[in-house]
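My entries follow the order of my reading.

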Amino acid sequence: AAMCSVDGKVLLMGGDTGSGQYSKLFEFDPQTGCWSPLCVTGSKPSPRAGHTLTAVDEKTAVLFGGYDGNKPLNDLWLLDVKRKVWSPITPSSPLWPQPRADHTVCTMVCEEGEIKVLLLGGIEGFEVMSDCW
């Protein structure tokens, strides 16, 4: 499963149940101490584990990669938390990270205030990756 904090809530997505991967999205409200399913619209990411879910700002998170039970993935999804909508992000360049799981993603604010999303490492099959995107 992957977790991140957006707008004071904790989001939990996907994971491995021991009998397969799933793609459900849950929200934890620390003020009430309650978990609840987060019903979202739009296309939805496939079930997976070993992926990342990373807050970009107070209304947006990105999901990258993971493992679907058969193969590593390299798809990228945008979650608009306020509108509760998933949207796939299509590569605009032939340069795109290889499929992978168990990687790290973080955000970095540049001097101009622009937010960059960084991807580091991961595993594809038996190959340990050390690249950075």
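**Entry 1: Basis.** I noted that this is a predicted model, in which local features need pLDDT of at least 70 and side-chain atom pairs count only at pLDDT 80 or more, while totals for chains, interfaces and linings use all residues. Residues are numbered from 1 along each chain as its sequence is written, and side-chain values use heavy atoms, with hydrogens and water left out.

**Entry 2: Ala2.** I looked up Ala2 and found it in strand β1, residues 2-6. Strands are DSSP runs of E with at least two residues, numbered from the N terminus. Is Ala2 buried or exposed? Ala2 is buried, with a relative accessible area of 4%. Buried means under 20% relative accessible area, exposed means over 50%, and partly exposed lies in between, using a 1.4 Å probe and protein chains only. I then listed the contacts of Ala2, leaving out residues up to four places away in sequence: Leu11, Leu12, Met13, His51, Thr52 and Leu53. Contact means heavy atoms within 4.5 Å. I also looked up Met129, which is 127 residues from Ala2 along the chain; their C-alpha atoms are separated by 20 Å.

**Entry 3: The four-strand sheet.** I traced an open sheet with the order β5-β6-β7-β8 and antiparallel pairing. Its edge strands are β5 (52-55) and β8 (85-89), each of which pairs on one side only. Two strands pair if DSSP finds at least two bridges between them. How many bridges join β5 to β6? Four bridges join β5 to β6 (residues 60-67), and Leu53 stands opposite Leu63 in β6. Seven bridges join β6 to β7, where Val62 has Leu78 as its bridge partner. Five bridges join β7 to β8, and Trp77 stands opposite Pro88 in β8.

**Entry 4: Two hairpins.** I checked the hairpin of β6 and β7, which has four residues between the strands; Gly69 takes a positive phi near 100 degrees there. The hairpin of β7 and β8 also has four residues between the strands, and in this one Lys84 takes a positive phi near 60 degrees.

**Entry 5: Cores.** In soluble globular proteins, nonpolar side chains tend to be buried together. A nonpolar core is a set of buried Ala, Val, Leu, Ile, Met, Phe, Trp, Tyr and Cys residues joined through side-chain atoms within 4.5 Å. The largest such core here has 15 residues, and those with the most contacts inside it are Leu11, Leu25, Leu53, Leu79 and Trp86. I found that β1, β2 (9-16), β6 and β7 (72-80) each supply at least two residues of this core. The largest share, three residues, comes from β1. A second, separate core of six residues includes Val56, Val62, Phe64 and Leu76. I returned to Leu53 and, leaving aside neighbours within four places in sequence, found it in contact with Ala2, Met3, Cys4, Leu11, Met13, Ala61, Val62, Leu63 and Trp86.

**Entry 6: The three-strand sheet.** I traced an open sheet in the order β9-β10-β11, with antiparallel pairing. The edge strands are β9 (104-109) and β11 (127-132), each pairing on one side only. Four bridges join β10 (residues 115-124) to β11, and the bridge partner of Leu120 in β11 is Cys132.
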